[in-house]
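Welcome! Here is a friendly walk through charged residues and their surroundings. Have a look at the model first, and then we can go through it together.

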Amino acid sequence: MILPPRIAKSMLATIAAMPLLVMHASAADRAMTEQIQPTEIALGESARLTITASGDASTPIAPPVIPGLDFVAIGQSTEMETINGRISSTSSVVYQVTPQGVGIYTIPAMSPSSQPQVLRVLPVDRGGTVNNSASAALPPAFAHGTVSGPTSLSADGAAFVRLRLPKHQLYVGESIPVDIQVGMREGLVASLNGLPVMNGDAFTLNKLSAKPDRTEEQIGGRPFTVLTWHSELVAVKPGSLSLRIETPLTVRMQSAEPTPQGGDDDSALGNMLNDPFFQDFFGGTAEKDVTVASSPATFTVLALPTQDRPPGFNGAVGAFKISSELSAPTAIAGDPLTLRLHVTGAGNFDRVNSLMLGEVDNWKTYAPTARFTPTDNAGFEGQKTFEQPVIASQAGTQTLPGIAFSFFDPDARRYETLHTPSLRVAVAAATGGPSAIAIARVSATTAAPLAAIPRAGLRADQPVNAATVSSLRPPYFQLRYLSIPSGLTLGIAGVWLWLRRREQGRNDRDARELATRTTAKLLSQMDRAAAAGDAQLFFIAARSIVQRTLSAAWHLPPEKLTLEEIRLRLGAAGQEILRLLALADEAVFSGCALQTSDSQRWKQVVHRLVAEGTTS
Amino acid sequence: MRARIFLHGAILAMLGLGTGIASAANTAEPFASSGYSASSLYDQANSDARGGKPGLAVLNYERARLLAPRDADIVANLSAVRNLSGLPPSGESWFARHAKFATANTLFRLGCLGILIAGASELARRIYSAHRLGLRIAGLAGLALALAALCNAVALWPEMSEAVVIVPTTAARLAPAKLAEPVTSLREGELVSIDAERPGFALVRAANGLTGWVSRDDVARVVPGTG
């Protein structure tokens, strides 16, 4: 008998669940405990969290959702024992816990009888050792404000995202502190898959910390874990704008598997199989990635006024105060001092800039550096310090002029320009060498006495030379300069080759003219020998003409020209030439007589050869 | 006759072009506030040294030395800072010391001029039968100038990969990862050569021959932009 797949699956599940069914029926309350080992690790290491559930097996074991911690299940075990007919079970799941950042993470208690677990994650210093010095936590930038819109839960009620803002009207470039809150129900949210992000390009949001504040909150009688990020929001363009924050989550949902047909829904087996324990056991719940969004927050963003804008305005918007100081109360000509400008307050510190002092008579100034020290955890409030090395070049009473700083005050709705007082410094002449003792004094209302900088036995500064180069890379290794010697070499080589070829052409022409003249001379000699009947002279001249003509035509030296070469190159057409050369040898050695008819014939052969050789 | 006129014209054109462009290597540098000069680098290094930043001081002295290799102040202060920081004196080979008898820009221009002189002498020797000895001597002098520039380039080549440790101490590791095992520790101001680079890390070779990966932010190249 073949059972339908659905019935077969149900039967199989029933058989597999029989022991657990007994346990399920007899189990009492389920207690959960967790233990993390070790409790202190370095960033980059992992700890092991063991969650043990005993008693009621219907409660599934799931890892807690803690931002900054990754949980990966690496082991699972279940023990069952029967004592006096009472069956009890203990299930354990071991998770590998990997932190994403340093700090102290608290894993909340999973049942009233258990204790929360604390995991300390320490930074690793440059030498590879763990740094135990815990940094003091900064206070939040913003603890109050209005929630933008109602707290709207996601469709399944598992999570919400909301914004807390201090105001809804701001200027372009102005930064305001903002709290982003993500609420999640324990057990329904499996994981937070990323940091909250904005939709739209009208605002910028400072980088969110990987370690938000964690609180508990009741909404509609249900407990939510609320994570709060403190950040800064900056509007980048004017107009009536809205903003939503979205967060990706993974939620656990009941699987959409249809229940058995035929009125089995309310059967005991059906109820038991719908229990979360069995849902988990047979995969009854499913995880789904969703994106939860906040209610839209509306803003009126105003453009910064162009009227009365100071020339030194760099975009700083907020409320600031400034002060300045020199690093040392004493100075010697040639010794560096550090001029510091402190800008304190609240606002967009990333736009707080100062060029400090430019060229000042009797002072040498260097490019300033900046350092920002926030006093809240969003970087909205704090102090930015600009440091500029300055060196007095002449002894006497020298004055460092005051420094101006301009910003826009959004509350007063106007530009402000602040000035530091000028600093008068009495500078002593550097006559005592490296061990000279500073004898000058700094007089200024804001100057704070700090430690003097030693001269360290160094030779004095040099007057700045106006001759500069745009790159420290030597010209040999810069392509644009390397092309100069390359081009020169190529040009010279080109001219040299042209000259050589020209010389060669001239030599060839001279050689050809000489050969022509010699051939003409030999022909004349041959004709005279024919007329005189001198066979020896005739054939010698004829042979010489043949050799010169053929060697010139074949680009061979005359001594390389052999009978075999002539036979191979000319074939049958060369028989007359070969015969002429043989007669020439014969005439030289035997002195045969020359007949008139013969001389005419051989003269024609030679003249024809010369004519053909010249044309070829 | 025509060839001689052509040759004279070509030599004069190359001479003018070569010297013009070569001198532009120095004089026509677009100098703004971003330009380098030996004195400003030296003064900056002095400021760093007095401010307790030996790494930056060594870096700027080395940079200044590129532009003025025979400047006694730079050499003395670099030596003093290295000595105060407990670093061994920088050993330079006999060849490198002598090949850097003038600045790279000067020797580069002399090298171009040498190529011109040697080339023009050889070309003239092909045309003129007279003054052959004088032309040969001029050609050899030109070759000597070009050789001096070539030696200078060879001596400067290793410095293209040199860098200075600019943090108090940094660990050179087996692999380009923060958690990799340290091989050795490098001190501020130490001169290393960069053999390779990965995102965030540089493979450096210390003076003692040990190699390891350090954080890219912990070292600064003597010649910026040669990575």
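Is E92(B) buried, partly exposed or exposed? With a relative accessible area of 26%, E92(B) is partly exposed. Please keep in mind that this is a predicted model.

**Salt bridges**

E92(B) has a charged partner: K100(B) forms a salt bridge with E92(B), and their closest N and O atoms are 2.6 Å apart. K100(B) is buried, because its relative accessibility is 8% and buried means under 20%.

Over all chains, the structure holds 24 salt bridges.

| Pair | Closest N and O atoms |
|---|---|
| R205(B) and D195(B) | 3.0 Å |
| R340(A) and E325(A) | 3.6 Å |

Let us turn to the chain A pair. R340(A) forms its salt bridge with E325(A). R340(A) sits in strand β21 (residues 336–347) of chain A, while E325(A) belongs to strand β20 (residues 318–326) of chain A, so the pair ties together parts that are 15 residues apart in sequence. R340(A) is buried, with a relative accessible area of 16%. E325(A) is buried too, at 14% relative accessible area.

Back in chain B, R205(B) forms a salt bridge with D195(B). This pair links distant parts of the chain, ten residues apart: R205(B) lies in strand β5 (residues 201–205) of chain B and D195(B) in strand β4 (residues 191–198) of chain B. R205(B) is partly exposed, with a relative accessible area of 38%, and D195(B) also counts as partly exposed, at 40% relative accessibility. Elsewhere, salt bridges that share partners join E62(B), R65(B), E92(B), K100(B) and E159(B) into one network.

**A positive patch**

Which residues form a positive surface patch? The patch is made by R502(A), R506(A), R509(A) and R512(A). One of these, R512(A), is found in helix α4 of chain A, which covers residues 479–532. Why does R512(A) count as exposed? Its relative accessibility is 52%, and exposed means over 50%, so R512(A) falls in that class.

**Cysteines**

How many disulfides are there over all chains? The count comes to zero. As for individual cysteines, C112(B) counts as buried at 3% relative accessibility, whereas C151(B) counts as partly exposed at 25%.

Methods
Residues are numbered from 1 along each chain as its sequence is written. Chains are lettered from A and ligands numbered from 1 in the order in which they are written. This is a predicted model: local features need pLDDT of at least 70, side-chain atom pairs count only at pLDDT 80 or more; totals for chains, interfaces and linings use all residues. Side-chain values use heavy atoms; hydrogens and water are left out. Patches are made of residues with over 30% relative accessible area and no salt bridge: like charges are joined within 9 Å, nonpolar side chains (Val, Leu, Ile, Met, Phe, Trp, Tyr) within 5 Å. Accessible areas come from the Shrake-Rupley method with a 1.4 Å probe; for residues, only the protein chains shown count as cover. A salt bridge is a side-chain nitrogen of Lys or Arg within 4 Å of a carboxyl oxygen of Asp or Glu. Lys and Arg count as positive and Asp and Glu as negative; His and the chain ends are not counted. The place of a charge is taken as NZ of Lys, CZ of Arg, CG of Asp or CD of Glu. Helices (H or I, at least four residues) and strands (E, at least two) are DSSP runs, numbered from the N terminus. Buried means under 20% relative accessible area, exposed over 50%, partly exposed in between (1.4 Å probe, protein chains only). A disulfide is a pair of cysteine sulfur atoms within 2.5 Å.
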